[in-house]
Amino acid sequence: MEVRSMHFVSRVRQRLEDPELQRNLKRTRGRNAASRAAAVAAFPDFDAVRARATEIRASVLRDLDVWLERFEQKAIERGATVLWARDGDHACELIIDIARRHGVRTVVKSKSMVSEEAGLNAALEAAGIRPVETDLGEYILQINDNEPPSHIIMPVIHKSKEQVSELFARVHGTAPKTDIEALTHEARAVLRPEFLGADMGLSGGNFLVAETGSVAIVTNEGNGRLCTTLPRVHVALTGIEKVIPTLEDLATLLRILPRSATGQAITNYVSMLTGPKQAGDADGPEHMYFVLVDGGRADLLGSEFEAMLRCIRCGACMNHCPVYQTIGGHSYGWVYPGPMGSVLTPLYQGLDKAMDLPHAATLCNQCGVVCPVSIPLPDLMRTLREKQVERGLRPWSERIATKLWAWVAARPKLYALGTRVAVRYLRWLADGRDRIQVMGVAPGWTAERDFPAPAAKTFRELYAERRRGGGQ
């Protein structure tokens, strides 16, 4: 997927001025947060399970090489082939090679964010192999000129049913319909022959279980099972950080993943896939491959950003982020939007290609509070900001202003004088109103919002007056 995160500010302006997108975002705003809150309230052990899930993910990362080797050994014992990809391009090469060796012409896909990282659909098409997205949201995006997803678990959350109806009528040549069940039936009728005729199925993987060499897939639509059991070849494409030690660990993580994502106690389908079809099996692929992608993940091990690898891709952070809820996922310019994308994109694509993303947050810590594996997302964004300053990537004016502030803040008398002057200046700008509409020294700050006018006196002045008046 092309990286466009360097154009974040201009993309945000476009999204804020898009009335249809703003209506769609407003329609869904808070819905998933409310569902999660209800699911957590009905599950009294949630905090204890969350702590256990955090420890499972953290302990795996401490010995990631050991668990990956264990997974590879068990997967091979069950008849699967395990391949290792340096990055997305390498993963595409491996998958195209698999497809050619098996004479594959059509690949049915269930949702995989790693395939978005790799740009797999474009690579398959360039190789003469037809990819067909079968997750309903991903299918809608594919037939809309390969539009990128705007959410990791609800990829088409930015569209209304009327927009989907218009798209289906145009692409399918059918009568427009706005009944969601009718639209779903129409997509099912189109996709069913694709499942039956495809040579290869490609899935992502929510978790890899080292104990059994299995991949676990969590879905609500059932397309994942059709992709992984009907075609004669199955490829599971996922990141190396998804491995966990045991089935018991999987049971723990499955108790918090759907509750955090969609507010469900459990999803409609939880599939465990272990090796290809064996003698006596009613269904399953003849050949099974795992393609495990590094793509920058190994570089995070042992670093101050290692906690980010705990992520289980539930989307809770973006469901609670006021920034994401206002600008939508496409503003972030790469695969992962919201707070997790504001950390992952700079780490995977480079700080210089995502300059504004670590700043796309209010630091209210709602994302950190709801993260089911306790990733300190605001802390990680602050660390990325520090890295930008250390590498000289921020504008010179911002760097000078920060250094000047730090110098003044270390001198209490000068700081007190400066704040007294600043308060009077801001009060003068407010001109008797409670908001400042144009900030004189930083007009960009008030370009799209007002700045609250400060109190008439600083805290130090009020405190000194109170002391002189005999107060505490």
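Visitor: Why does Leu136 count as partly exposed?

Guide: Leu136 has 23% relative accessibility, so it counts as partly exposed. Before we go on, note that this is a predicted model, where local features need pLDDT of at least 70 and side-chain atom pairs count only at pLDDT 80 or more, while totals for chains, interfaces and linings use all residues. Residues are numbered from 1 along each chain as its sequence is written, and side-chain values use heavy atoms, with hydrogens and water left out.

Visitor: Where does Leu136 sit, and which residues does it touch?

Guide: Helices (H or I, at least four residues) and strands (E, at least two) are DSSP runs, numbered from the N terminus. Leu136 belongs to helix H9, residues 136–143. A contact means heavy atoms within 4.5 Å. Leaving aside residues up to four places away in sequence, Leu136 touches Phe168, Thr184, Ala187 and Glu221. Ser110 is 26 residues from Leu136 in sequence, with 9.4 Å between their C-alpha atoms.

Visitor: Now the whole chain, please. How many helices and strands are there?

Guide: The chain has 21 helices and twelve strands. Its C-alpha atoms fill a box of roughly 90 × 55 × 45 Å along the principal axes.

Visitor: What does the radius of gyration say?

Guide: The radius is taken over C-alpha atoms, and the globule rule is 2.2 Å times the number of residues to the power 0.38. For 472 residues a compact globule would come near 23 Å, and the chain's 25 Å agrees with that. Of those residues, 51% count as buried. Of the contacts between residues at least 6 apart in sequence, 74% join residues at least 24 apart.

Visitor: Which residues touch the most other members of the largest nonpolar core?

Guide: In soluble globular proteins, nonpolar side chains tend to be buried together. A nonpolar core is a set of buried Ala, Val, Leu, Ile, Met, Phe, Trp, Tyr and Cys residues joined through side-chain atoms within 4.5 Å. Here the largest core has 60 residues, and those touching the most other members are Phe207, Met308, Tyr332, Tyr336, Met340, Ile375 and Leu377. Helix H13 (residues 247–261) gives the most to this core, with six residues. Apart from it lies another core of 25 residues, including Ala123 and Val233.

Visitor: Why do Gln325 and His90 count as buried?

Guide: Gln325 has 12% relative accessibility, so it counts as buried. Gln325 is in helix H15 (residues 322–327), and its contacts, not counting residues up to four places away in sequence, include Leu25, Arg29 and His320. His90 counts as buried because its relative accessibility is 14%.

Conventions. Buried means under 20% relative accessible area, exposed over 50%, partly exposed in between (1.4 Å probe, protein chains only).
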